[in-house]
Amino acid sequence: MNTGSTVHASMTGLYPLVAWRVENKPVFVAEGNNHDTAVVLKWAESIGLFTNVTELSDLARTVPDSNGVLFIPAFGGLQTPINNDTACCGFLGIRPDTTKAHMVRAILESIAFRVYQILETMHDEVGIIDKPRIRICGGVAANDFICQTIATLTGITIERMKDGSFVACRGVALLAGYAQGACAVFKDERIKLSVSLISLQFVVQSKVL
């Protein structure tokens, strides 16, 4: 979360990072961690819960809910705001009528709930403006079910990049372009482009139910 010129850290696990520095003026973010998102999905695939990651959203939607099954995504412990590196993964609520679809849905819901948990921590500690936007990228961001669940939990629209490839590289290129005078100045700590050298395009993919 962008905290501007304020450095924010806390005992709940939020820690400060420098987002960028322009004209010797750093802009900071408060970051909360969740280590195991990709690992959890790779593990679920390895034990046969699904065969193709692109089918996850459709599989989760074949059931109306997880049938009481919960999943704790903690192969590497639980980070912000719990901060317990001894926490372990586990399914809770498995019954004779539990199916793969229920287990997959529980896993995807656990990822969304961890995002919600971190966002609530940021809201309580840092404060979030009314009706912000959540912008996401990366492999897990391609999962429509996770995006929709986060939007439903938070009441905030999710904006997903049309092309999420090489996002970090694009950011570096943007800053390099600014340093060489190819891009517009920064205003109110938001990047404004005067040329279409790099176009960061976002589209609304998930809305509150």
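Mentor: Terms first: buried means under 20% relative accessible area, exposed over 50%, partly exposed in between (1.4 Å probe, protein chains only). Helices (H or I, at least four residues) and strands (E, at least two) are DSSP runs, numbered from the N terminus. This is a predicted model: local features need pLDDT of at least 70, side-chain atom pairs count only at pLDDT 80 or more, and totals for chains, interfaces and linings use all residues. Residues are numbered from 1 along each chain as its sequence is written, and side-chain values use heavy atoms, with hydrogens and water left out.

Trainee: How many residues of helix H4 are buried?
Mentor: 8 of 11, so H4 (residues 144-154) is mostly covered by the cut-off of under 20% relative accessible area.

Trainee: Which ones are buried?
Mentor: Phe 145, Ile 146, Cys 147, Gln 148, Thr 149, Ile 150, Ala 151 and Thr 154.

Trainee: What happens at the start of H4?
Mentor: A side-chain oxygen of Asn 143 comes to within 3.0 Å of the backbone nitrogen of Phe 145.

Trainee: And what comes just after H4?
Mentor: Gly 155, with a positive phi of about 70°.

Trainee: Zooming out, how many helices and strands are in the protein?
Mentor: There are 5 helices and 10 strands. Of the 209 residues, 37% are buried.

Trainee: What share of the contacts links residues 24 or more positions apart?
Mentor: 65%, counting contacts with a separation of 6 or more. Contact means heavy atoms within 4.5 Å.

Trainee: Which strand pairs with S2?
Mentor: Strand S3 (residues 25-31) pairs with S2 (residues 15-22), antiparallel, over 7 bridges. Two strands pair if DSSP finds at least two bridges between them.

Trainee: How many residues lie between S2 and S3 in the hairpin?
Mentor: There are 2, and Glu 23 in the turn has a positive phi of about 50°. Val 22 stands opposite Lys 25 in S3.

Trainee: New topic. How many aromatic pairs turn up?
Mentor: The search of the whole structure finds 4. One of them is Trp 43 with Phe 75, edge-to-face, at 5.5 Å centre to centre and 65° between the planes. Rings of Phe, Tyr and Trp (its six-membered ring) pair if their centres lie within 6.5 Å; planes under 30 degrees apart count as stacked, over 60 as edge-to-face and the rest as tilted.

Trainee: Where do Trp 43 and Phe 75 lie?
Mentor: Trp 43 is in helix H1 (residues 37-46), and Phe 75 is in the loop between strand S4 (70-72) and strand S5 (90-92), so the pair ties together parts 32 residues apart in sequence. Trp 43 is partly exposed at 26% relative accessible area. Phe 75 is partly exposed at 40%.

Trainee: How are Phe 71 and Phe 91 arranged?
Mentor: Tilted, at 4.7 Å centre to centre and 50° between the planes. Phe 71 lies in S4 and Phe 91 in S5, so this pair ties together parts 20 residues apart in sequence. Ring pairs link Trp 43, Phe 71, Phe 75 and Phe 91 into a cluster.

Trainee: How many residues are in the largest nonpolar core?
Mentor: It has 27, and Ile 107 is among those with the most contacts inside it. Such a core is a set of buried Ala, Val, Leu, Ile, Met, Phe, Trp, Tyr and Cys residues joined through side-chain atoms within 4.5 Å.

Trainee: Which element gives the largest share of this core?
Mentor: H3, with 8 residues.

Notes:
A polar contact is a pair of N or O atoms within 3.5 Å; within protein, one must be able to donate a hydrogen and the other to accept it, and residues adjacent in sequence count only if both atoms are side-chain atoms.
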